Amino acid sequence: MDHLSSSQINLFLLCGLKYRYQYVEKRPKPFRSSSLVFGSALHSTISWVHKHEMEGKKVSTDLALRIFDADWYSQKTDTEIRFKDNERELGLIILGKQMLQMFLEEPREPVKGTEVPFTVPLVNPRTKENLGITLEGFFDVIGSDDVITDYKTSGATMSQDDVDNHLQLTAYGYAYEQLFHKPPKGFRIVNFVKNKKPKMATFDTKRTSAHYEAFFFLVKEVLKAIKVGTFHPRPGYWCRDCEYGDVCPLTRETRAKPEKAKEVEAHGR
Ligand code: SF4
């Protein structure tokens, strides 16, 4: 192993067994959850808007909504999307477009980079202990005011506490300081909330060297567990969206199977 990304670290902390299925065994995913498709389409469209504006182009709402559609349908071409019981595809597409319209109507700070890749060594900022691997990822958005912004979709509004402890923002700040040898001006999360009446909430937060030292300790422990092959399952509400739920010993017998699979089972075909 030569690197870790903040999404790998997050996944390991969410459920070690899912991490093993995805990154160690590299099992193919039989479907993509609607939440993932939704977040990804919104994210890609916002990034497209930022890129166009960086090139000095004006973005029309109509075109942005078509980009959202195109991204959604391209995700459907190679894999099945699995929806929750109370969800309908059209309802989610409309919700995503309402959120995009809210985003486009708000005044926006100019940005100097979007989806900016980074690779930095994992070094303790105080003791200089080096883990011998790199931290890799992408800054969602770096504003021209040097504020790092991340866009998140969720079912309920995030709390200030969630934002203050958000691991991904800490990883961004850690990488930013190593790359630019100065702290970013601040951190921001724009939270799109999937209510019946969609909402866009903005939170600002800060990071200090204490956060980065705690982050280093956490990554060190995660790396240790991965190296010795300790992958504890951690069941929770997220199992509903887990692509490996049909093979995971904790859920495979109880998971509600999609209609098609039930039919095949019933007819022995
Ligand atoms: S179903 Fe739940 S416990 Fe099993 S691997 Fe997925 S997230 Fe982990």
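**Close-up views of a predicted model**

**Close-up views of a predicted model**

View 1. E87 sits in the loop between β3 (80-82) and α5 (89-105). Beyond its neighbours within four places in sequence, E87 contacts S34 and L92. S34 lies 53 residues from E87 along the chain, yet their C-alpha atoms are separated by 8.7 Å.

**View 2. D246, in the loop between α8 and α9.** D246 belongs to the loop that links α8 to α9 (259-267). D246 counts as partly exposed, because 14 C-beta neighbours lie inside 10 Å. Leaving out residues up to four places away in sequence, D246 touches P30, R252 and R255. S40 is 206 residues from D246 along the chain, and 23 Å separates their C-alpha atoms.

**View 3. The shell around the ligand.** The ligand is surrounded by 14 residues. The closest are C15, K18, C239, C242 and C248. By class, the shell holds ten nonpolar, two polar and two charged residues.

**View 4. Helix α1 against helix α2.** Helix α1 spans residues 6-14 and helix α2 spans residues 16-24. They pack at an angle of about 135°, with axes 5 Å apart. That angle makes α1 oblique to α2. From α1, the contact takes in Q8, L11, F12 and L14. From α2, it takes in G16, K18, Y19, Q22 and Y23. The residues of this contact divide into five nonpolar, three polar and one charged. K18 of this contact is also among the residues closest to the ligand.

**View 5. The buried side of α1.** Which residues of α1 are buried? They are S6, Q8, I9 and F12. These residues cover an arc of only 160° around the axis, so they lie on the same side of α1. An α-helix has 3.6 residues a turn, so residues three or four places apart point the same way. The partners of the buried residues are β1 (3-5), α2, β5 (130-143), α7 (167-180) and α8 (209-228). Q8 and F12 are buried in α1, and both also take part in the contact with α2.

Note on methods: Residues numbered from 1 in each chain as written. Predicted model: local features only at pLDDT ≥ 70, side-chain atom pairs only at ≥ 80, totals over all residues. Near = placed C-beta within 6 Å. Nonpolar A, V, L, I, M, F, W, Y, C, P; charged D, E, K, R; others polar. Axes fitted to C-alpha atoms, helices over the stretch in contact; angles between N-to-C directions. Helix = DSSP H or I, 4+ residues; strand = E, 2+ residues; numbered from the N terminus. Parallel < 35°, antiparallel > 145°, perpendicular 65-115°, else oblique. Contact = placed C-beta atoms within 7 Å. Buried ≥ 20, exposed ≤ 12 C-beta atoms within 10 Å, placed from the backbone. Arc of directions from axis to C-beta.
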